[in-house]
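Come along while I look things up one at a time.

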Amino acid sequence: MMKIEEIRELSSEELVIKVNELKQELLSLRFQKATGRLDNGKKITDARKTIARIYTILKEREMANN
């Protein structure tokens, strides 16, 4: 899981790329869970929280530019 300070250091373009990577990882984790191969379910929660944090930072930046 990325910390908020790490997320704030990235540019907006890097954050969009990171969100896409995390969404792919989340999809993979969900398939692993469905097939019974996921040994740590907390990975799904961590990925979802990190995606939410990134979207929050992107929204903050958008609001600051307006």
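Below are my entries, from the whole chain down to single residues.

**Entry 1: the model and its fold**

I noted at the outset that this is a predicted model. I then looked up the secondary structure and found three helices and zero strands in the chain. Reading along the sequence, I wrote the pattern down as α-α-α.

**Entry 2: surface, burial and charge**

What share of the 66 residues is buried? I found 24%. The accessible surface of the chain comes to about 5000 Å², and I noted that carbon and sulfur atoms hold 51% of that surface. For charges, I listed 14 positive and 11 negative ones, with their mean positions 8 Å apart.

**Entry 3: contacts along the chain**

I turned to contacts with a sequence separation of 6 or more, and 72% of them join residues 24 or more positions apart.

**Entry 4: the nonpolar core**

I reminded myself that in soluble globular proteins nonpolar side chains tend to be buried together. Here I found that the largest nonpolar core has 14 residues. Which of its members touch the most others? I wrote down Ile7, Leu15, Leu26, Ile44 and Ile54. Two elements each give two or more residues to this core, namely helix H2 (12–35) and helix H3 (42–65). The largest share, six residues, comes from H3.

Setting aside neighbours within four places in sequence, I found Ile7 in contact with Met2, Leu15, Thr50, Arg53, Ile54, Ile57 and Arg61.

**Entry 5: valine 19**

My next stop was valine 19, which sits in helix H2. Is valine 19 buried or exposed? Its relative accessibility is 3%, and buried means under 20%, so I put valine 19 down as buried. Not counting residues up to four places away in sequence, valine 19 touches Ile54 and Tyr55. I also looked up its distance to arginine 48, which is 29 residues away along the chain, and the two C-alpha atoms are separated by 9.9 Å.

**Entry 6: alanine 52**

I found alanine 52 in helix H3. At 41% relative accessibility, alanine 52 counts as partly exposed.

**Entry 7: glutamate 21**

I ended the page with glutamate 21, which lies in helix H2. How accessible is glutamate 21? I read a relative accessibility of 47%, so glutamate 21 goes down as partly exposed. Between glutamate 21 and isoleucine 51, 30 residues apart along the chain, I noted a C-alpha separation of 9.8 Å.

Notes:
Residues numbered from 1 in each chain as written. Predicted model: local features only at pLDDT ≥ 70, side-chain atom pairs only at ≥ 80, totals over all residues. Heavy atoms only, no water. Helix = DSSP H or I, 4+ residues; strand = E, 2+ residues; numbered from the N terminus. Buried < 20%, exposed > 50% of the residue type's maximum accessible area, 1.4 Å probe, protein only. Contact = heavy atoms within 4.5 Å. Areas by Shrake-Rupley, 256 points an atom, 1.4 Å probe, with all protein chains shown as cover. Lys, Arg positive; Asp, Glu negative; His and termini not counted. Charge placed at Lys NZ, Arg CZ, Asp CG, Glu CD. Core = buried A, V, L, I, M, F, W, Y, C linked by side-chain atoms within 4.5 Å.
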